[in-house]
Amino acid sequence: MKLANPFVFDRPLPPGELIDREEELDLLVALAVGGQSARLAAPRRYGKTTLLGALVDHIEREEGFIATLLDFSRVTSMADVVARFEQGYAEGLERSKLRALWRSLRRRATVDAHLRVPGDVAGVSVGIAPADGEELLSRLHHLLEVPRVVHERTGRRCLVIFDEFQDLLKVVQGVDGILRSHIQHHYKVASYVFAGSEPSLLAELFGDRKRPLFEQARSVPLGPLAPAPLAAWLETRLGSREPLGEWIDELVAFSGGHPQRAMMIAHMLWEQDPQDPDALSHAINAATREAAEGLEQTWTSLSANERKVLGVIATGQRQVTSKAALALSEIGKGSQAYAAASLVEHCILRTSSDGLLSIVDPLLARWLSPAR
Ligand SMILES: Nc1ncnc2c1ncn2[C@@H]1O[C@H](COP(=O)(O)OP(=O)(O)O)[C@@H](O)[C@H]1O
Ligand SMILES: [Mg+2]
């Protein structure tokens with residue numbers, strides 16, 4: 001029988017597969033148990049959903065919470081938003097064996113919303129007729145009170161997680177104000193986690209005094225995976241393909257701790273002939289080909305100056321306003337700094353703790369300068 005490739009890189013992993021992230025998980029649990037909310041911002045494919053899945057699992061098992069993971073990725077309309085809420089609660093309450101409670105809550109939300117619409121027969125068209133904006137908004141308000149009602153009925157506390165929160169912001173005008181009007185009354189009833197792939201947007205939402213969610217959620221940073229646990233994890237899974245294990249340290253270094261890229265390259269490495277003296281570079285090439293379409297899209301989305309700055313960082317310069325960097329990019333200092341800031345904002349570059357810049361995605365770096 002052929003062994004299945006143990007490296008999955010195209011979907012969130014189940015909690016048992018999590019590498020490291022102990023500190024982040026502990027902090028998220030501690031905040032939720034303490035009745036506080038958190039925000040988790042990191043580039044796409046950095047392991048947010050994987051970590052959130054582990055949080056749900058842990059907090060339900062160890063702390064008796066009822067957890068709901070709401071996924072707003074690529075949400076397009078208010079009807080879609082309501083559907084995502086309903087799906088999230090349905091799954092969360094079902095896991096906690098509260099299916100009947102969920103049915104009664106959903107019924108109440110839909111019937112109540114219908115009653116506000118003149119000429120409608122309450123409940124008859126539940127879930128079938130297309131609802132109008134006012135009705136959907138009313139349903140959303142009801143859904144945001146689900147944690148309070150669940151707590152009243154069961155005495156248990158809820159954790160509600162908004163994944164890819166920035167996509168929700170773009171669909172529902174003023175949603176931060178709507179959320180605030182509910183969650184501010186949920187202390188000791190529910191805690192919230194807001195996760196997203198646009199850190200600057202989340203930072204503004206929670207860090208600007210003029211916004212309703214100002215200081216409503218504590219930031220939990222999610223950086224690259226630490227080399228030691230990543231290497232140890234790869235060791236246990238590459239064991240059956242010796243001597244491919246010899247490449248682990250180089251793979252970890254190349255990946256820069258990018259979780260999905262590390263997993264993708266490991267997947268490709270696992271498929272190489274173990275005796276191939278260039279197995280790792282063949283694996284990296286295969287991963288780059290696999291990622292090429294996305295890399296192309298990233299490149300297309302950049303301005304001319306952003307491309308120049310990215311090119312400079314790809315040559316190994318790490319301080320964008322250094323003399324050498326300026327000479328390479330052939331653009332002015334101000335434009336250069338502006339382009340670099342925009343690349344950081346869009347998670348294409350990251351600033352390390354030492355203040356130096358690097359490219360978030362190691363495959364993008366490779367794709368930009370394949371000769372290295
Ligand atoms: N802690 C982790 N341990 C192992 N693999 C991880 C971890 N975090 C992320 N990954 C890898 O990255 C991929 C993308 O993770 P995901 O949680 O979907 O990221 P995000 O939600 O940030 O886009 C997963 O398929 C997995 O291969
Ligand atoms: Mg995700």
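Me: In which helix is the place of Val 150?

Reply: In this predicted model, Val 150 belongs to helix H6, which spans residues 146-154.

Me: Is Val 150 buried or exposed, and why?

Reply: The general idea is to count neighbours: a residue is buried if 20 or more other C-beta atoms lie within 10 Å of its own. Val 150 has 25 other C-beta atoms within 10 Å, and therefore it is buried.

Me: Which residues is Val 150 in contact with, leaving aside its neighbours within four places in sequence?

Reply: They are Ile 66, Leu 101, Arg 156 and Cys 158.

Me: Which residues in H6 are buried, and how are the buried residues placed when H6 is seen down its axis?

Reply: An α-helix has 3.6 residues a turn, so residues three or four places apart point the same way. In H6, the buried residues are Val 146, Pro 147 and Val 150. Their directions fall within an arc of 95° seen down the axis, so these residues line one face of the helix.

Me: Which residue just after H6 takes a positive phi?

Reply: That residue is Gly 155, with a phi of about 75°.

Me: Let us turn to the whole chain. How many helices and strands are there in the chain?

Reply: The chain has 17 helices and seven strands. Its C-alpha atoms fill a box of roughly 70 × 60 × 40 Å along the principal axes. Of its 372 residues, 40% are buried.

Me: What share of the contacts between residues at least 6 apart in sequence join residues at least 24 apart?

Reply: The share is 68%.

Me: Into which domains is the chain divided?

Reply: The division gives domain 1 (21-219), domain 2 (226-301) and domain 3 (303-372). Two of these may be examined as a pair. The C-alpha centres of domain 2 and domain 3 are 24 Å apart, and eleven residues of domain 2 are in contact with nine residues of domain 3.

Me: Which elements give two or more residues to the side of domain 2 that touches domain 3?

Reply: They are helix H11 (248-255) and helix H13 (279-300). H13 gives the most, with six residues. By class, that side of domain 2 has five nonpolar residues, five polar residues and one charged residue.

Me: Where does ligand 1 lie, and why is that the reading?

Reply: The approach is to ask which parts of the chain supply the surrounding shell. Both domain 1 (21-219) and domain 2 (226-301) give residues to the shell around ligand 1, so the ligand lies between them. Of the 20 residues around ligand 1, those that come nearest are Gly 47, Thr 49, Thr 50, Pro 259 and Met 263. Helix H2 (48-63) and helix H12 (259-270) are the elements that give two or more residues to this shell. The classes in the shell are ten nonpolar, four polar and six charged residues.

Me: Where is Val 220 found?

Reply: Val 220 sits in the loop between strand S5 (218-219) and helix H10 (227-238). It is partly exposed, because 19 other C-beta atoms lie within 10 Å. Not counting residues up to four places away in sequence, Val 220 touches Glu 24, Leu 27, Leu 28, Ala 38, Arg 39 and Leu 40.

Me: Finally, which helix holds Ala 314, and how many C-beta neighbours does Ala 314 have inside 10 Å?

Reply: Ala 314 is found in helix H14 (residues 304-314). It has 17 C-beta neighbours inside 10 Å and so counts as partly exposed. Leaving aside neighbours within four places in sequence, Ala 314 is in contact with Ile 359, Ala 365, Leu 368 and Ser 369.

Notes. Residues are numbered from 1 along each chain as its sequence is written. Chains are lettered from A and ligands numbered from 1 in the order in which they are written. This is a predicted model: local features need pLDDT of at least 70, side-chain atom pairs count only at pLDDT 80 or more; totals for chains, interfaces and linings use all residues. Domain bounds come from an automatic or database domain assignment. Two residues are in contact if their C-beta atoms, placed from the backbone, lie within 7 Å. Helices (H or I, at least four residues) and strands (E, at least two) are DSSP runs, numbered from the N terminus. Ala, Val, Leu, Ile, Met, Phe, Trp, Tyr, Cys and Pro count as nonpolar, Asp, Glu, Lys and Arg as charged, and the others, Gly among them, as polar. A residue is buried if 20 or more other C-beta atoms lie within 10 Å of its own, exposed if 12 or fewer, and partly exposed in between; C-beta atoms are placed from the backbone. The arc is that of the directions from the helix axis to the C-beta atoms. A residue is near a molecule or strand if its C-beta atom, placed from the backbone, lies within 6 Å of it.
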